[in-house]
Every structure is written in C-alpha cells, then in structure tokens.
Amino acid sequence: MLNKIKTSHLFNIFIFLLIILLIVIFRDFFNVGLKGQDKGYTDKNSLVDEIKNICVKETIDKQISKETCYSKEFDKIAYKNGPEYAFDVLFGLQKKDSDAIGCHFIAHGIGSGTYRKNPNDWQNQITKINSACSYGAPMGVIELYVASLGDGSLSKEFAPTLCGANPRADCNHMVGHLILVDSSVKGNISKAIDICTVFKDATQRNFCQTGVFMENVTALGLIDHGYADKSYLNWPERVDGLEKLCRSYKGEEAAACWEEIVHAAIVKFNNDPKKTFDFCNSSQSEDGAKRCKRHSIGIIGASKNFNLTLLKPMCSIPQKNDPDFEKQCYPALVSSALSTIPDGVPEAISFCNSLEGEFQPSCFSMIGAFSSYGSWPKEEFQKACNEAPAEYRSYCTGASLVPYGASYNRNND
C-alpha cells in the first residue's frame, strides 16, 4: 500500500513537471524576441519601450545615430514577426519618439528583414509591402536583393528587370542609387546616367536619374563601397561643387540633378525655406527650379516633425515664374506627412480646414489619396472626414477623383 502511495506521488510530480515543461516550450515557441531570443512581446508598447531604450543606449555607447540603430532593430523585428507587425511597432514608436518620425531609412530595415526571412519572394515583397515612410521598405528589399547578386550586376540589360514591367511608385529611384555604387560604375556619374537611358519611359528614366544624383549627394552607399571618403558627408561644404555639377547638365538630367541637390542645400541653409527656394530659383532650368523647390517641401517638413501648422507659412512665400507653387505646396506637405505618419489624418484634416477656400479641394484630395494606406479602417477614415466641409468630404474620403496631381510624391526621401 505504501509503495502504491509513493508511486502515485511520484507520478503526480512527474505530471506536474511535464506540464511546467510544456508551458515553457509553448511560451518560447509562440513568442518572438528582439535579440534573437524567443522571449516575445504580446504587448507592442513593451517592445516600443525596449527598442527606444536600446537605441538611446547605443547612440551613447557605440556612437551611432539613433536612426541607424532603429533601422537595425526593425530589421530584426521584420525577420522574426513579419513586416506588418514591424510597421505596427514603428507607428507606436513614432508616438513616443519624434526621432522616429522621419522613418524612410528605418523602413529600409523593415524591408531588409523581410527579404532575409524569405529571399525567394523578393519580387512579391516589393509589390505588397507597406509603402509608408516614402516607400522605404520596398527599397530595403531591392537593396538587399541586388547586394546578393554580387559586383557588376547592374548592366543596361539587367537594371530594367529589377522593378518589373509595371514598377511600383519610384522603385527605379532605388535602382539609380544602386547603379552608382555598382562595381562596373564605381561612382562615375556619367556612366550611371548612361545606364539610366535604357528606361524609355520618361517617368522611370527620371526615377533612375534622381537616384543616381541623390546617391552622389548623400554618398552613404558610395562611402560604404569605398568610392568616396567620409568628407562627402560634409554636405554644406559640397554645395558649390554640386551646383557646378548640376549646371553642367541640360534638359531632364539638369532637372533631376537640381531636384536632389536640395538634400545638401537644406543643411547648408539650416532648413530655411526662403533661402532654399531662392537657391532653387537660381537654376538654369525652369523645370529644375520647380522640382528643386517641391522636393524640398517634404525634407523641410521632416525637419519640423511634420508640424503642418508650423510649416504652413512657407507655402505662401512669393515665387517668381511659378504661379502654381502655393496651390501645390499645401498638398505636398500633406502627402509628405501622411506618407511618413499614416495615422496623422486628423491633423491633416485640421490643416486643410485652416486654408483659404481655393486651396482646400486639392488639400483634401491629397488626404483622400491616402485613404487606402495606414492603419485606419475605412469607416473610421470616413468618420474623420466628417470634419471636412460638406462639399469636400468626397475628396477627403477618396470617393471622388483627385484634382491635384499624383497621389504619391517623393518629397522627403
């Protein structure tokens, strides 16, 4: 009898330990951690706080920018949990840290993590991944895919195949960046621009050209590949030389160069819109001047964390030979804000409401162009648009045709 009791007791202990073991295995299997450990977070707020704390520490300990740290952390999150989860966490982080609002490079990390998780699905990833943060994630995917091909791959024959027959947004802008740092080009702008001529469609050719000129200005890839030294990061000191380069081109190439020179000029002019616009207006190309100014709108917006009320006065700065500037400036601000912060719809609606009547239709229409993006359910988006004047609500919800340009602007990348 005593032996039976002991056996029963031992059996119960065994069952208890087995249950504990199964609980541990179940927990570890279904939860995913940040640092390669399967420890998991069901509460995204906890994950947001941990990322924020990690990157505050690493900016001090490792002397890297917070943006670089965030990009690396979101690479890990996307690899473990997928891009949708990663973007949800990013949008939560933006609410707690304004340094995450300019998220184009951070989203590159989401793209690279998504690619690493399933490299064979890269073409589908480019098409389907969230386009928030000015298409940073699709660019991260294509950047890592091209890196996997090895040196000298971006020939005239191969370059047009990367983004496919119907490229998503400015996919070929990223191709332009990559062409300039390819080992067959080695930073030679003339060679890179020549490869861009393979794109017969003017829009896709322009995306390729602006990618080449932007890489020459920002130089991050050039430095990583050893084709430029770190002095290239002193953008203000390089403005005079970059301006000389832009003036050496004509036609569409000149316009593309002037569109991208603003990345350096804005730093030189300390985000002063009037000084930046005056610089753009000095272009030898009327089209170049216009594109320079319009591209600067989103970049200056990012420097002010897309505070639309604070940014509003820059749209009314008088412009010579550019009568449509103010009308196009307000929607461009909304576009750049919502492409970075998709949840900023209420602020955008309030901003459009603050404008004079003639500027409201195009402003609300740009909000409507983003109605299918971000984390807003359709009914909530429509409810938010009830704050718009009755005659413009269909523009705000995206139900009516957009009377202002395209729904996507490369404003802040």
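This is a predicted model: local features need pLDDT of at least 70, side-chain atom pairs count only at pLDDT 80 or more; totals for chains, interfaces and linings use all residues.

Colleague: Which hand does the disulfide of C55 and C69 have?

Modeller: Left-handed, because the torsion about its S-S bond is about -85°.

Colleague: And what does the pair of C55 and C69 tie together?

Modeller: Two helices. C55 lies in α2, residues 44-61, and C69 lies in α3, residues 66-81. So the pair ties together parts that are 14 residues apart in sequence.

Colleague: Is C55 buried or exposed?

Modeller: C55 is buried, because its relative accessibility is 0%. The cut-off for buried is under 20%. C69 has a relative accessible area of 1%, so C69 is buried too.

Colleague: How many disulfides does a search of the whole structure find?

Modeller: Nine. One of them pairs C163 with C171.

Colleague: How far apart are the sulfur atoms of C163 and C171?

Modeller: They are 2.0 Å apart. The link of C163 and C171 is left-handed, with -80° about the S-S bond.

Colleague: Are C163 and C171 buried or exposed?

Modeller: Buried. C163 has 11% relative accessibility. C171 has a relative accessible area of 8%.

Colleague: New topic. Which residues of helix α14 are buried?

Modeller: Helix α14 covers residues 273-281, and its buried residues are P273, T276, F277, F279 and C280. They lie on the same side of α14, because they cover an arc of only 160° around the axis.

Colleague: Why would residues a few places apart point the same way?

Modeller: An α-helix has 3.6 residues a turn, so residues three or four places apart point the same way.

Colleague: What covers the buried residues of α14?

Modeller: Other helices are part of the cover. They include α12 (235-247), α13 (251-268), α15 (286-303) and α17 (325-340).

Colleague: What caps the N-terminal end of α14?

Modeller: D272 does. A side-chain oxygen of D272 lies 3.0 Å from the backbone nitrogen of K274.

Colleague: Back to C280. Which residue does a disulfide join to C280?

Modeller: C292, with 2.0 Å from S to S. The pair links distant parts of the chain: C280 is in helix α14 and C292 is in helix α15, twelve residues apart.

Colleague: Is the link of C280 and C292 left-handed or right-handed?

Modeller: Left-handed, with -60° about the S-S bond. Both C280 and C292 are buried.

Colleague: Staying with α15, where is I299 found, and is I299 buried or exposed?

Modeller: I299 is found in helix α15. I299 is buried, with a relative accessible area of 15%.

Colleague: Last one. Where is N206?

Modeller: N206 is in helix α10, which covers residues 202-218. N206 counts as buried because its relative accessible area is 18%, and the cut-off is under 20%.

Colleague: Which residues is N206 in contact with, leaving aside its neighbours within four places in sequence?

Modeller: A256, E259 and R291.

Terms used: Residues are numbered from 1 along each chain as its sequence is written. Side-chain values use heavy atoms; hydrogens and water are left out. Buried means under 20% relative accessible area, exposed over 50%, partly exposed in between (1.4 Å probe, protein chains only). Helices (H or I, at least four residues) and strands (E, at least two) are DSSP runs, numbered from the N terminus. The arc is that of the directions from the helix axis to the C-beta atoms. Contact means heavy atoms within 4.5 Å. A polar contact is a pair of N or O atoms within 3.5 Å; within protein, one must be able to donate a hydrogen and the other to accept it, and residues adjacent in sequence count only if both atoms are side-chain atoms. A disulfide is a pair of cysteine sulfur atoms within 2.5 Å.
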